[in-house]
Amino acid sequence: MTALHRETDTIAAIATAPGTGGIGIIRISGPQARDILGAMFRPFRAGADPTRESHKLHYGTVVDRGGRVLDEVLAVFMKAPATYTREDVVELHSHGSYLVLQAILAEVLARGARPAEPGEFTKRAFLAGRIDLTRAEAVIDLLQARTASGVDLAMGQLQGRLQEQVEAVRQGLTEILAILEVAIDFPDEDVEILDSGHLLERLARDVEAPLDRLLALADQGKVLREGISVVIAGRPNVGKSSLLNELLQEQRALVTEVPGTTRDTIEEMISVHGIPVHLVDTAGIRAHDDLVEGLGIERARRKMDEADLVLFLVDAGTGLAAQDRELYDSVAGRDHIVVLNKTDIAPPDRLDTLEREFAGVDVVRISCRRQEGIEGLRETMFRHMLGEDALEERPACAPNLRHRAVLAKCRDACRRLRQALQAGAPADLLAVEVQSALDHLGDIVGITTPEDVLDTIFSRFCIGK
Ligand SMILES: Nc1nc2c(ncn2[C@@H]2O[C@H](COP(=O)(O)OP(=O)(O)OP(=O)(O)O)[C@@H](O)[C@H]2O)c(=O)[nH]1
Ligand SMILES: [Mg+2]
């Protein structure tokens with residue numbers, strides 16, 4: 001199926017979720033939608049005819065071919081092209097009984113529609129050119145978003161933020177291609193048409209820089225959509241469980257002055273400036289001869305290995321012990337923040353000494369007892385998750401994994417183009433690289449996307465969307 005091919009059959013599906021709801025909606029799209037409505041619908045108001053009035057709700061019943069009333073409904077006919085699919089669309093709003101919905105759908109199908117495949121309504125919107133592929137993908141992201149920040153991203157993408165940025169890069173490449181084509185068409189001109197310095201400048205400004213920004217956004221996108229996992233680690237009694245409780249703002253974990261209080265991991269979800277964080281409190285890690293504590297410590301180490309970010313907690317009241325240094329060896333290689341706890345009982349010069357010990361690492365001072373420094377810790381966590389500038393400016397959209405892979409290929413093509421330009425390669429050779437970069441971007445917005453990729457994307461949808 002290509003973008004030029006318009007569907008000629010009519011599709012129908014129950015658009016609301018399975019189960020019992022207040023109302024349920026059946027959606028029909030295609031050339032027969034209007035006739036199917038006309039044949040099934042009996043308006044309550046004399047002379048009313050929804051098939052003659054577009055985008056207007058009508059109250060009545062739907063009946064089967066034997067004249068039996070299936071339900072009372074609100075029916076709307078939406079004339080092409082001002083519809084979701086750009087085809088004629090009918091919606092029947094019935095009572096939300098799944099049996100009623102199925103009976104109405106069966107009648108619609110008996111009158112000539114066929115069952116819609118998953119995502120087929122949105123696919124038609126895409127094939128009709130109403131939305132590009134990034135917007136179509138945003139629809140499913142929105143339906144499946146599990147976090148508030150994921151919803152924000154999907155909404156930005158649905159409104160075309162990603163498409164705009166990709167189109168801007170495409171524009172930059174198209175202009176470079178136009179310059180190259182002039183050079184190819186007039187190879188014998190005396191004037192130097194191909195000013196490689198100028199082209200390199202354009203490439204850097206209009207193509208490479210925005211591409212790099214998009215790639216950075218993709219990394220942020222993963223965090224915003226899925227959140228990250230953060231593990232609190234440290235030797236016994238440094239205040240790990242106290243910190244979990246502070247971040248949760250709830251007395252979730254047991255806190256005592258006995259080292260080895262926490263034996264199993266404790267896992268909770270929190271939100272750090274809108275980003276979902278899977279927070280794990282662990283058993284204090286130390287040498288031990290207790291079976292249960294040993295199992296807890298093993299688990300703590302495993303959680304630390306899986307974590308995206310480790311909060312390495314130190315008791316500033318006692319200072320660094322051999323156990324801290326030993327444990328820090330296995331933390332230092334991962335993304336981590338050093339957290340100096342119990343500042344309320346630490347002599348000020350010790351805090352300075354400790355900070356010097358961890359030179360070059362983010363160190364945050366807190367006191368769980370006085371509830372101090374927790375907001376600063378949240379901000380430092382946020383910067384680790386999204387980068388320095390993210391607190392001021394949150395991304396309005398972000399490339400997903402599919403986009404990221406294609407952007408990386410486009411970036412490679414640009415790298416080859418840059419090298420060829422610097423080596424003084426002929427215009428036709430340069431044009432090949434530009435074209436390849438353009439094709440990759442075309443995959444993102446859906447211009448050159450292979451059929452099997454399209455199928456995979458739309459198969460992720462639910463039926464009726
Ligand atoms: N003075 C002071 N004491 C604190 C602070 N934070 C925690 N504590 C105390 O330190 C002791 C240990 O706290 P926990 O939160 O249980 O420490 P933990 O790291 O979870 O300990 P384990 O589970 O045994 O590994 C408790 O008596 C807390 O009240 C703080 O900021 N200042
Ligand atoms: Mg604990």
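Student: In this predicted model, what percentage of the 465 residues of the protein chain count as buried?
Tutor: A residue is buried if 20 or more other C-beta atoms lie within 10 Å of its own, exposed if 12 or fewer, and partly exposed in between, with C-beta atoms placed from the backbone. Residues are numbered from 1 along each chain as its sequence is written, while chains are lettered from A and ligands numbered from 1 in the order in which they are written. Because the model is predicted, local features need pLDDT of at least 70 and side-chain atom pairs count only at pLDDT 80 or more, whereas totals for chains, interfaces and linings use all residues. Of the 465 residues of the protein chain, the share that counts as buried is 38%.

Student: How many helices and strands does the protein chain have?
Tutor: Helices (H or I, at least four residues) and strands (E, at least two) are DSSP runs, numbered from the N terminus. Counted in this way, the protein chain has 15 helices and 13 strands.

Student: Why is the protein chain described as more spread out than a compact globule?
Tutor: The radius of gyration is taken over C-alpha atoms, and the globule rule is 2.2 Å times the number of residues to the power 0.38. For 465 residues that rule gives 23 Å, and the chain is more spread out than a compact globule because its radius of gyration is well over this, at 30 Å.

Student: Which strands stand at the edges of the open sheet of seven strands?
Tutor: Two strands pair if DSSP finds at least two bridges between them, and the order of this sheet, with mixed pairing, is β3-β4-β5-β6-β2-β1-β7. Each edge strand has a single partner strand, so one side of each is left without a neighbour in the sheet. The strands at the edges are β3 (41-43) and β7 (114-115).

Student: How many residues of strand β12 (residues 336-341) are buried?
Tutor: His 336, Val 338 and Leu 340 point one way from β12, whereas Ile 337, Val 339 and Asn 341 point the other way, and all are buried. In a regular strand the side chains alternate between the two faces of the sheet. For β12, which is mostly covered, the number of buried residues is six of six.

Student: Which residue is the bridge partner of Leu 340 in β13?
Tutor: Strand β12 is joined to strand β13 (residues 363-365) by three bridges, and the two run parallel. The bridge partner of Leu 340 in β13 is Arg 365.
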